[in-house]
Amino acid sequence: MENTGRIEIPFGAQNLIIESGKLAKQANGAVTVTCGGTVVLVAACMSKKPRVGIDFFPLMVEYQEKTYSAGRIPGGFFKREGRPTEKEILTSRLIDRPIRPLFPEGLFNEVQVVASVLSHDGDNDPDVMALVGASACLMVSDIPFDGPIGAVRVGLINGEFVVNPTYKQREESTLDFVVAGRKEGVIMIEGEALEIPEGKIRELFKVAFDALLPVAQMQNQLRKEIGKPKTKVSLSQKNVALMDKVRELAKTRLMKAYSIAEKGDRQDALDEILDDLTSDMSVFEAYKQDDKEPTAEQIKMLFGQIEYDEVRRMVFEENRRADGRGLKDIRTLSAEVDVLPRTHGSSLFTRGQTQSLAVITLGTKMDEQLVEALDGTTYRSFMLHYNFPSFSVGETKPMRGPGRREIGHGALAAKALQAILPTKDEFPYTIRIVSEILESNGSSSMATVCASSLALMDAGVPIKDAVSGISVGLITQGAKAVLLTDIMGLEDHFGDMDFKVAGTRKGITAIQLDLKIQQISLDLLSQALEQAKEARLIILDKMHATIAKPKSEISEYAPKVFTCQISPEKIGEVIGPGGKVIKKIIEETGVTSIDIDDTGKVVIASVEKQAGEKAISFIKGMTEEPEIGKIYNAKVKRIMNFGAFCEYLPGREGLVHVSELSNTFVKDVNSVVKVGDAFKVKLIEVDEMKRVNLSKKQAENET
């Protein structure tokens with residue numbers, strides 16, 4: 001008899017069904033999560049023994065979207081799923097971030113969570129389902145885990161919050177947030193908004209928290225039904241006596257090192273202390289644990305714990321930070337634009353020792369990114385790519401492609417800017433931003449937001465407003481909690497929270513919350529939101545002083561894009577058989593490309609402005625309806641005995657009969673006009689066969 005369990009939970013307008021015991025039974029825990037026609041399988045496994053020689057929890061999260069789930073075969077040569085897509089990477093991070101703090105401290109066994117989308121209905125996004133499934137499968141497994149977690153997506157449509165909206169509803173929503181938490185508080189937030197005020201965001205947090213609680217609580221029922229007893233694992237225990245000895249030897253020098261404000265000098269002093277501690281291991285011989293001699297690696301790990309304690313002690317006892325700032329102080333700001341001569345737009349934004357160089361490239365429709373996802377194929381006309389070279393932190397390591405961190409930071413910055421971008425009708429360009437992190441000492445993603453906003457204005461992109469971003473940290477000690485504005489690297493490393501908030505003066509455009517503790521209360525989250533706003537406005541003032549509004553014109557080196565509208569019935573005429581006509585227009589005018597969509601919108605890209613205007617004139621002429629009585633500029637193309645055929649609009653010819661060439665009798669057409677002659681004509685008739693008759697003499701008589 002299979003040990004199976006099933007729970008069903010209200011999930012917005014639908015129900016969420018979690019089942020376990022039927023699939024993937026060799027995993028430590030596995031569940032399927034179903035909503036509508038979308039089904040996600042989530043399985044978790046843990047290694048039998050801990051990894052040796054590490055000081056971090058080796059958690060791996062993999063989210064996979066199987067194309068068969070949507071009834072499709074993968075594109076490309078290999079016809080199978082390959083490297084993770086951006087959506088898969090971002091969802092893996094979405095799952096990892098809230099579950100990681102809930103594993104016991106000192107657990108060094110490898111844990112892997114794999115979420116696979118098995119069925120997709122085109123309405124329900126599997127990402128939140130995968131997050132809930134990760135919590136549920138860990139709950140029913142024998143893996144130590146202090147869950148459960150609930151998670152929901154929240155939208156805002158016509159001023160009303162919508163829990164777990166469908167794809168279609170999300171298109172109408174002015175915000176898109178995923179919130180994860182448990183009964184004690186919130187653990188993770190990820191979202192974007194169209195300049196929504198802080199007050200409304202606070203309401204959202206409350207709505208989301210109330211909605212996620214039942215999702216978390218119902219998992220306890222599933223665990224009672226079929227959950228396995230939790231395995232007793234060997235947790236890494238600190239050698240308290242050894243740590244006390246390290247603290248005794250290092251404390252005085254450590255406090256002195258942390259009085260140094262400059263990061264590099266401070267790190268040199270810390271490295272010197274650690275080198276001195278590990279140069280003579282004989283002083284630690286008496287502090288064995290399990291009959292094992294202390295190692296230099298162990299001393300290094302304990303030294304890190306002592307640093308952790310010192311950073312927090314300074315905040316609570318001295319009300320100061322390692323670089324000498326007050327708790328709400330922002331590091332020194334500087335900003336400049338137009339820093340690169342041949343790019344389409346550029347800026348350099350520096351906050352303390354974090355520096356982003358943002359570069360804008362403007363392209364055409366041909367440069368849009370094709371995105372194939374389970375919910376359909378789309379084209380992306382805005383891209384933001386974040387690069388984090390090792391020299392930005394003074395280190396050496398191999399240069400590889402972007403990792404999960406780079407993908408995640410770039411996606412967050414892109415969300416922050418999406419709200420202020422012009423529409424395609426307002427600005428028919430493809431926009432690519434690259435943020436090169438040249439220095440990093442905390443919150444480089446928010447520096448990217450600021451630099452990118454400045455660069456967009458330098459490039460002449462008509463954005464609605466400038467966007468700035470800031471990160472707020474948290475240090476806790478029992479019931480005490482202190483918020484830190486503009487956290488630097490060591491406060492991120494030794495702190496309890498990284499709360500990134502981006503927005504304009506009107507409101508918030510993006511938020512990301514990550515915790516190292518198990519939760520944060522809504523009240524403290526509200527305080528952090530207000531503290532972030534204060535800092536964000538200060539940064540916006542600095543940015544405004546650098547460049548107040550977008551430049552009136554784009555760079556001379558950027559392609560020129562022109563648009564016009566033609567009747568959909570005329571699309572075939574402009575394209576021509578096999579694209580013959582449109583190719584001819586490109587060749588004759590010298591433009592780079594011409595694109596026409598199904599609505600008849602024409603987008604022309606050209607290096608030269610004159611060429612683009614010529615192409616627009618050509619297409620308008622081709623698609624213009626002949627107007628009887630109107631005077632046109634014509635050019636003779638062919639001469640016959642009975643008259644001359646003239647091009648009066650691009651690609652359009654009409655006949656000037658011999659009797660309409662002159663007010664006097666014309667015996668020989670060649671005696672009056674020649675091929676290539678240009679003159680004005682009047683359109684006098686369009687017959688039943690759509691043949692156009694023109695008159696040279698009537699045009700001359702009227703002018």
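Predicted model: local features only at pLDDT ≥ 70, side-chain atom pairs only at ≥ 80, totals over all residues.
## A buried strand residue and the overall fold

At a relative accessibility of 2%, V61 counts as buried, and its place in the chain is strand β5, which covers residues 59-65.

For the protein as a whole, the secondary structure comes to 15 helices and 29 strands, and the C-alpha trace spans about 125 × 65 × 45 Å along its principal axes. The chain has 703 residues, of which 52% count as buried, V61 being one of the residues with that label.

## A loop between two helices

V283 is found in the loop that runs between α6 (263-279) and α7 (296-318). With a relative accessibility of 37%, V283 counts as partly exposed, because that label is given to values between the limit for buried, under 20%, and the limit for exposed, over 50%. The C-alpha atom of V283 is separated by 55 Å from that of I508, a residue 225 positions away along the chain.

## Backbone features in loops

The peptide bond that leads from G147 to P148 is cis, its omega being near 5°. P148 itself belongs to the loop between α2 and β7, the latter made of residues 150-157.

Two residues other than glycine, N164 and D486, can be described by a positive phi. For N164 the angle is about 50°, and the residue is placed in the loop between β8 (160-163) and α3 (167-172), where N164 is buried with a relative accessible area of 13%. For D486 phi is near 55°, and this residue lies in the loop between β19 (480-485) and α10 (489-494); its relative accessibility is 0%, so D486 counts as buried.

## The cavity

The count of cavities of 30 Å³ or more comes to 1, and the largest cavity has a volume of about 100 Å³. Its lining is made by 13 residues, and those that lie nearest the centre are F11, N124, D125, N164 and P165.

By residue type, the lining of the largest cavity divides into 5 nonpolar, 3 polar and 5 charged residues. Helix α2, which is formed by residues 126-140, supplies the largest share of this lining, namely 3 residues.

## Aromatic rings and the charges over them

The number of aromatic pairs comes to 7. In the pair formed by F642 and F645 the ring centres are 6.2 Å apart and the planes stand at 85°, so the arrangement is edge-to-face, a class that requires planes over 60 degrees apart.

Elsewhere, the charged end of R405 sits over the ring of F388, and here the distance to the ring centre is 4.2 Å. A cluster of aromatic residues is formed by F57, F103 and F145.

The structure holds 0 disulfides. C35 takes part in none, and the nearest cysteine sulfur to its own, that of C137, is 18 Å away. At 2% relative accessibility C35 counts as buried.

In contrast to the buried C35, C45 is partly exposed, with a relative accessible area of 35%.

Definitions and conventions:
Residues numbered from 1 in each chain as written. Heavy atoms only, no water. Phe/Tyr/Trp six-rings, centres within 6.5 Å; stacked < 30°, edge-to-face > 60°. Lys NZ or Arg CZ within 6 Å of the ring centre and 35° of its normal. Disulfide = S-S within 2.5 Å. Buried < 20%, exposed > 50% of the residue type's maximum accessible area, 1.4 Å probe, protein only. 1 Å grid on protein atoms, 1.4 Å probe; cavity = no way out; pocket = protein on both sides within 12 Å on 5 of 7 lines; lining within 4 Å. Points joined across faces, edges and corners; volume = space filled by probe spheres on them. Helix = DSSP H or I, 4+ residues; strand = E, 2+ residues; numbered from the N terminus. Nonpolar A, V, L, I, M, F, W, Y, C, P; charged D, E, K, R; others polar.
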